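This briefing covers a ligand site and a strand arrangement. Look at the sequence and the structure first, then read the points.

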Amino acid sequence: MKIDSYSQRLPQIIDELAEQGWSRQLDFLPQALTRELAEECRARAQRGALSAAGVGRGEALAVRESVRGDSIQWLEAGEHAACDQYLAIMDRLRQALNQALYLGLEDYESHFALYPPGAFYQKHLDRFRDDDRRTVSAVFYLNDAWQAEQGGALRLYPDAAPSLDVLPRAGTLALFMSAQMPHEVLPATRERLSLTGWFRRRAV
Ligand code: OGA
Ligand code: MN
């Protein structure tokens, strides 16, 4: 098998996560695969498969557009070839993170997300109060030719460094430590698509 571009990124991703708690990879996947994922996200949105995302978990789960305004659908294996390819790549990343950082990551859960123009997600942490399995957050963006003036950045707040913005441009993968990195999604002037997911460890 040829050496895929994403395999070559693994050492840098591991170093950056260990040293600064986040990593940003431009053009992480081949353009054709990124395009297929974007088309699948739009197709699901068009057939009404996405639903308003909630805040919280279990019985406390509630839709609050003043906190987050996206619509989502969870990925299942075996539904779509491009999605399965994406899940296979993320599983290799999971194994590489385990080997290098001993994170004990057991699985990866992921959903498509669509933010309509003006929608946002207020500053938050990805780890729930009553469930500490989410360990590394991974957001893969699906938006062609995104411009900074269009807003929609992912803003990260590292505790020992100034905040930084990641543009949701097609092919960019943002990774960060779920329990330590406050972050928010800024409103945009155009629709914003992504595949957002979490590497999870065993519950303790
Ligand atoms: C989330 C989230 C970031 C993004 O869904 O928890 O923070 O850039 N998403 O979409
Ligand atoms: Mn988040």
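A polar contact is a pair of N or O atoms within 3.5 Å; within protein, one must be able to donate a hydrogen and the other to accept it, and residues adjacent in sequence count only if both atoms are side-chain atoms. The model is predicted, so local features need pLDDT of at least 70 and side-chain atom pairs pLDDT 80 or more, while totals for chains, interfaces and linings use all residues. Residues are numbered from 1 along each chain as written, chains are lettered from A and ligands numbered from 1 in written order, and side-chain values use heavy atoms, without hydrogens and water.

**Contacts of ligand 1**

- A polar side-chain atom of H183 is 2.9 Å from an oxygen atom of ligand 1.
- For R192, a polar side-chain atom lies 2.7 Å from an oxygen atom of ligand 1.
- For Y141, the distance from a polar side-chain atom to an oxygen atom of ligand 1 is 2.5 Å.
- Alone, ligand 1 exposes 290 Å², of which the protein buries 98% (Shrake-Rupley method, 1.4 Å probe).

**Shell around ligand 1**

- The shell has six nonpolar, three polar and three charged residues (Ala, Val, Leu, Ile, Met, Phe, Trp, Tyr, Cys and Pro count as nonpolar, Asp, Glu, Lys and Arg as charged, the others, Gly among them, as polar).
- β11 gives the largest share, three residues (strands are DSSP runs of E, at least two residues, numbered from the N terminus).

**Sheet**

- Five bridges join β6 to β9 (residues 173-177), and the two run antiparallel (strands pair if DSSP finds at least two bridges between them).
- V136 stands opposite M177 in β9.

Definitions and conventions:
Helix = DSSP H or I, 4+ residues; strand = E, 2+ residues; numbered from the N terminus.
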